[in-house]
Structure formats: C-alpha cells, structure tokens
Amino acid sequence: QVQVVESGGGLVQAGGSLRLSCAASGIMRSISAMAWYRQAPGKQRELVAIISSSGSISYVDSVKGRFTISRDNAKNTVYLRMNSLKPEDTAVYYCSAQITELGGFVNDYWGQGTQVTVSS
C-alpha cells in the first residue's frame with residue numbers, strides 16, 4: 001500500500017522560513033512528478049511547485065525567488081523550502097506524487113496536508 005506523508009508545517013512570523021517534507025512509502029515501480037499544492041480558506045487549491053523525476057522545476061509566480069523545491073529520489077522524498085514567508089502564504093499545503101504501481105498503473109497519491117500559518 002502506497003502512502004504519502006507530509007511534515008514540517010507550523011506557525012511562523014512574516015519573513016521567516018519553514019521546510020516541508022513529503023515521503024512516499026510502500027511498494028511501487030517508480031515516482032514521476034512530485035509537487036506541492038496549497039489551499040487557503042475560501043480559495044481553490046493551487047499548484048505551488050512541481051519537480052519531475054529528472055529535476056525539471058516549475059513554480060507559481062507568487063513564490064518564485066522565495067520557495068525552493070527539491071527531491072531525493074533515493075528516499076522517495078520531496079522538500080519545499082519556504083523563505084521570506086508572507087501572510088498570504090498561509091494555507092494547508094499538500095504533497096502529490098505521481099506513482100507507477102507494480103501492475104503498471106499510474107496514480108496520483110496525495111498526503112493529508114500540513115498547515116502553514118504566517119503571522120503578520
């Protein structure tokens with residue numbers, strides 16, 4: 001059974017930093033793209049950053065220059081380093097992993113979410 005689990009959220013003052021981690025575990029063939037999404041109260045979930053298995057990266061404009069996504073393929077883990085945090089970054093952050101299962105099926109697995117709160 002494949003699981004995706006996030007960690008690292010919390011409360012931080014504006015201008016501070018946090019690092020989120022997300023680990024995929026279980027029996028799988030491979031992991032393709034891994035990504036971070038966020039959803040603020042009353043808003044739609046948005047893609048924050050995505051990294052392919054080869055390391056190609058893309059960010060939403062609002063976090064460029066402040067957030068850094070990276071991954072450790074040996075550990076099936078993706079990270080999101082968030083610097084210069086702003087109150088508008090407050091949201092529940094979700095990790096997503098595109099996983100190829102043993103049978104060859106490809107599914108998107110989601111973590112349970114981790115709260116990030118930035119105080120002004």
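User: Is asparagine 76 buried, partly exposed or exposed?
Analyst: Happy to start there, keeping in mind that this is a predicted model. Asparagine 76 lies in the loop between strand E7 (67-72) and strand E8 (77-82). Its relative accessible area is 26%, and the range for the middle class runs between 20% and 50%. Asparagine 76 is therefore partly exposed.

User: What is the phi of asparagine 76?
Analyst: Good one to check. Most residues other than glycine have a negative phi. Asparagine 76 is not a glycine, yet its phi is positive, at about 50 degrees.

User: Where is serine 84 placed?
Analyst: Serine 84 is a residue other than glycine with a positive phi, near 50 degrees. With a relative accessible area of 41%, serine 84 is partly exposed. Its place is in the loop between E8 and E9.

User: Which cysteines form a disulfide?
Analyst: A pair counts when the sulfur atoms are within 2.5 Å, and the count here comes to one disulfide. The sulfur atoms in question are 2.0 Å apart, and they belong to cysteine 22 and cysteine 95. This pair links distant parts of the chain, from strand E3 (residues 18-25) to strand E9 (residues 91-100), 73 residues apart. The names you want are cysteine 22 and cysteine 95.

User: Is the link of cysteine 22 and cysteine 95 left-handed or right-handed?
Analyst: The angle about the S-S bond is the thing to look at, and it is -75 degrees. That makes the link of cysteine 22 and cysteine 95 left-handed.

User: Is cysteine 95 buried or exposed?
Analyst: Buried means under 20% relative accessible area. Cysteine 22 has 0% and counts as buried. Cysteine 95 also has a relative accessible area of 0%, so cysteine 95 is buried.

Technical notes
Residues numbered from 1 in each chain as written. Predicted model: local features only at pLDDT ≥ 70, side-chain atom pairs only at ≥ 80, totals over all residues. Heavy atoms only, no water. Helix = DSSP H or I, 4+ residues; strand = E, 2+ residues; numbered from the N terminus. Buried < 20%, exposed > 50% of the residue type's maximum accessible area, 1.4 Å probe, protein only.
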